[in-house]
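Have a look at the model on the screen, and I'll talk you through the bits I'd point at.

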Amino acid sequence: MSKYALLLLTEPGSHEAMARAYHALSYTTDLQQNGFEAQIIFDGGGTVWLQEFAKVDHPLRKLFESTKQKGLIGGYCPMCADSFKVDRKIAAELKIKELDEYNRNPSVGKLARDGFHLITI
């Protein structure tokens, strides 16, 4: 079976960004339910979503928690989190793994080597 890594790069702040975050969570779950290995990686402006998902009243909080409980959250980019002023304590509280694999970023080369198709959202 194929493997997929969805890199959520879109920063919150618009209706389009909300739709992209929703679809990243939804698509990952759909792929997993259809027998594929899948994960979301929060990268670039997408790391800001961690602060949003930490809010108990966020409209995507339940979907985020469901996706996380299924083990479909691969992690986040620590350099991007710092660049976008994301409090990394929030990521730790959410139990999201820091992916410091290539110059303080997730390694897309490692993902590709491990057979993952990369999808940016």
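Let's start with Arg-104, which counts as partly exposed at 33% relative accessibility. You'll find Arg-104 in the loop between α5 and α6.

Before I go on, this is a predicted model, so local features need pLDDT of at least 70 and side-chain atom pairs count only at pLDDT 80 or more, while totals for chains, interfaces and linings use all residues. Residues are numbered from 1 along each chain as its sequence is written, and side-chain values use heavy atoms, with hydrogens and water left out.

Back to that loop. Asn-103 sits in the loop between α5 (88–93) and α6 (108–113), and its phi is near 55°, again a positive value in a residue other than glycine. Is Asn-103 buried or exposed? Exposed, with a relative accessible area of 59%. Ser-107 lies in the loop between α5 and α6 as well, but Ser-107 counts as buried, at 13% relative accessibility. If you leave aside neighbours within four places in sequence, Ser-107 is in contact with Glu-101 and Tyr-102, where contact means heavy atoms within 4.5 Å.

Now zoom out. The chain has six helices and four strands; those are DSSP runs numbered from the N terminus, with helices being H or I of at least four residues and strands being E of at least two. From the N terminus on, the elements go β-α-β-α-α-β-α-α-α-β. The radius of gyration is 13 Å, close to the 14 Å that the globule rule gives for 121 residues, so the chain is as compact as a globular protein of that length. That radius is taken over C-alpha atoms, and the rule is 2.2 Å times the number of residues to the power 0.38. Of the 121 residues, 46% count as buried. And among contacts with a separation of 6 or more, 74% come from residues 24 or more positions apart.

Next up, helix α1. It covers residues 15–33, so to speak, with 19 residues reaching 27 Å from first C-alpha to last, close to the 27 Å expected at 1.5 Å a residue. The expected span there is 1.5 Å times one less than the number of residues. Its buried residues are Ala-17, Ala-21, Ala-24, Leu-25, Thr-28, Thr-29 and Leu-31. What covers them includes β1 (3–8), β2 (37–42), α2 and α3. Just after α1, Gly-35 takes a positive phi of about 90°.

In soluble globular proteins, nonpolar side chains tend to be buried together. Here, the largest nonpolar core has 26 residues, and those with the most contacts inside it are Leu-8, Phe-42, Phe-53 and Phe-64. By nonpolar core I mean a set of buried Ala, Val, Leu, Ile, Met, Phe, Trp, Tyr and Cys residues joined through side-chain atoms within 4.5 Å. Which element gives the most to this core? That's α1, with five residues. Apart from this core lies another, of six residues, among them Ala-5, Ile-41, Leu-99 and Leu-111.

Leu-8 is worth a click. Leaving aside neighbours within four places in sequence, its contacts include Ala-21, Ala-24, Phe-42 and Trp-49.

Last thing, the aromatics. Rings of Phe, Tyr and Trp (its six-membered ring) pair if their centres lie within 6.5 Å; planes under 30 degrees apart are stacked, over 60 edge-to-face, and the rest tilted. By this rule there are five aromatic pairs. One of them is Trp-49 with Phe-53, stacked at 5.5 Å centre to centre with 25° between the planes. These two are four residues apart in helix α2 (residues 49–53), so about one helical turn separates them. Trp-49 is buried at 2% relative accessible area, and Phe-53 is buried too, at 0%. Phe-53 also stacks with Phe-64, at 4.7 Å centre to centre and 20° between the planes. That pair links distant parts of the chain, with Phe-53 in α2 and Phe-64 in helix α3 (residues 61–69), 11 residues apart. Phe-64 is buried as well, at 0% relative accessibility. Put together, Phe-42, Trp-49, Phe-53 and Phe-64 form one aromatic cluster.

Conventions. Buried means under 20% relative accessible area, exposed over 50%, partly exposed in between (1.4 Å probe, protein chains only).
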